Amino acid sequence: MMSRPSRRSFLTRAAASGFAASVTISGTKSSGQVIGANDRVRVAVAGINGRGQIHMGSFAAIKDVEVTHLVDPDSRLFASRSARLERQTGQKPKCVQDIRRVLEDPTVDAVSIATPNHWHALMTVWACQAGKDVYVEKPCSHNIYEGRRMVQAAEKYNRIVQHGTQWRSDPKWRTYTADIRAGKYGKLKTANIQIFRPRKSIGIKTPVTPPRELDYDLWVGPGPMSPFRDNLVHYRWHWMWDYGNGEIGNLGSHEFEMARWAMPENASPQSVISLGGRYGYKDQAETPNTQLTLYDFGETKLVCQQRGLHFDKPLKMSIDFHTADGVIREGHFYPHGKMQGEAIVGAPPSGLPENHARAHFQNFIDCVRSRNQAELASDVLDGHRTAVLAHLGNISYRLGEPTSFSGPPEGIAEHKIASESFDNMKRHLVDAGGVNLSKDSYQLGPLLRFDAQAEEFVAAAEANQMARGSYRESFQMPDIV
């Protein structure tokens, strides 16, 4: 096994990455050796407003795991989160604003990341360089380039890096997708994802001075500096391109992961086209609340439709699998020509992926102890490949042009299921949003060819630039990890 990097080599990389030069590294259990079953694993949770609270409670509930640090630029959260953890465990964690202070601590074995998306990759790379294992929320990256750096860092420093798509730890999903991949219901032709999650307007706010308890410069970190507004911190950053990836990167990550699991093992995206817009209200959010994306994997296609109008019907998250022999929908198989579906025994339910979250955290801890990366339910390479799909769709969408609803969208209309989804999208906008299709328009992105091996778009310089992103000084993603 590869040993932990020397202090000198780490400081060199840390300086190149903008990492504080005061880092101290001494022997830690996370340096690559197998941790005994009774050895305590010490975890720092970074990002403690929303999802991070699940991380806190789940890790603290695992035997011989201690949440030793809570990390967040917003110190207003420290008192309540620390008290909650102390009530659960009887131990009070240290609260710090800067993750770099935690990475200096040789007693910390792992970092669990539930920060805004634009911090996921850099924090993961830094943690790997510092000899820490990582649990990172979905999507694991904010752009394609940095996702590959995460994979390289995990491999180079022999780190256990788990991607936070917890359906991967659900045995029902494992069997369900394995049977589809094996052709039990016929050869898979198209996976059709539907994500209908009502989202409220984030409103329009003027810039104000950040709260004194919030280190806003640190919150922005590797992202571009924007004026602070009350509708950015917390959570609503999801709908801003500089910090989030929209719904396709948020809930879409869970569905993409399962769709990929059902596809042929080596299937890779060859092209993408995306369309949509933001309807129903005027606010400062940038990502679409209505989006339709078509991916070509060769013999298999993938369609992803999202709806997010806040006055829409309740949540729906599902994947229909269209095969050569029929359709798999909501745990039933409908052979061609039959209206009555055949129930699939043990099929997983649709809906939010809350089940098996604890099993996913437990799987990570088990692998931290064993140092066996092969046993991870969703390793960083899985996470990267899943995140790439979200990035592809968003890049096509962002390069799009306003298009009239009067005609069929070129590149979408040729695929039956995608074309039907577009028609459904239009009906939804009229019925749920009151959109006047004759006066409104949608953004239609270009059809982009993608070389999955090189992880580059073919003859599309602007798309390739967007796939790379940019970073502020002191928060640079290193080209060589």
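1. R101 is partly exposed, with a relative accessible area of 33%; here buried means under 20% relative accessible area, exposed over 50%, and partly exposed in between, computed with a 1.4 Å probe on protein chains only. The structure is a predicted model, in which local features need pLDDT of at least 70 and side-chain atom pairs count only at pLDDT 80 or more, while totals for chains, interfaces and linings use all residues. Residues are numbered from 1 along each chain as its sequence is written, and side-chain values use heavy atoms, with hydrogens and water left out.

2. R101 forms a salt bridge with D98, the closest N and O atoms being 3.6 Å apart. A salt bridge is taken as a side-chain nitrogen of Lys or Arg within 4 Å of a carboxyl oxygen of Asp or Glu. Side chains of opposite charge can pair when their charged atoms come close. By this rule the model holds 24 salt bridges.

3. D98 also meets R100 in a salt bridge, at 3.0 Å from N to O. D98 is buried at 13% relative accessible area, and R100 is buried at 11%.

4. A further salt bridge links R168 and D382, whose closest N and O atoms are 3.2 Å apart. R168 lies in the loop between β6 and α7 (171-181) and D382 in helix α12 (residues 380-398), so this pair ties together parts that are 214 residues apart in sequence. Helices (H or I, at least four residues) and strands (E, at least two) are DSSP runs, numbered from the N terminus. R168 is buried at 4% relative accessibility, and D382 is buried at 16% relative accessible area. Elsewhere, salt bridges that share partners join D98, R100, R101 and E104 into one network.

5. The sheet is open and has 6 strands, in the order β3-β2-β1-β4-β5-β6, with parallel pairing; two strands pair if DSSP finds at least two bridges between them. β3 (94-96) and β6 (161-164) stand at the edges with a single partner strand each, so one side of each lacks a neighbour in the sheet. From one strand to the next, the twist averages 20°; axes are lines fitted to C-alpha atoms, for helices over the stretch in contact, and angles run from 0 to 180 degrees between N-to-C directions.

6. Strand β1 is mostly covered, as 5 of its 6 residues are buried. On one pairing, 6 bridges join β1 to β2 in parallel, with H69 of β2 as the bridge partner of A44. On another, β1 and β4 pair in the parallel sense over 4 bridges, and A46 stands opposite I113 in β4.

7. Strand β2 (residues 65-71) is joined to β3 by 3 bridges, and the two run parallel. V71 stands opposite V96 in β3. Helix α3 (residues 78-89) packs on the sheet, touching β2 and β3, and its direction makes about 175° with that of β2; contact means heavy atoms within 4.5 Å.

8. Helix α5 (residues 117-129) lies across β1 (41-46), β4 (110-113), β5 (133-137) and β6, running at about 170° to β5.

9. Residue N363 is found in helix α11 (residues 357-370). N363 is buried, with a relative accessible area of 15%. Not counting residues up to four places away in sequence, N363 touches Q162, S169, E375, L376 and A377.
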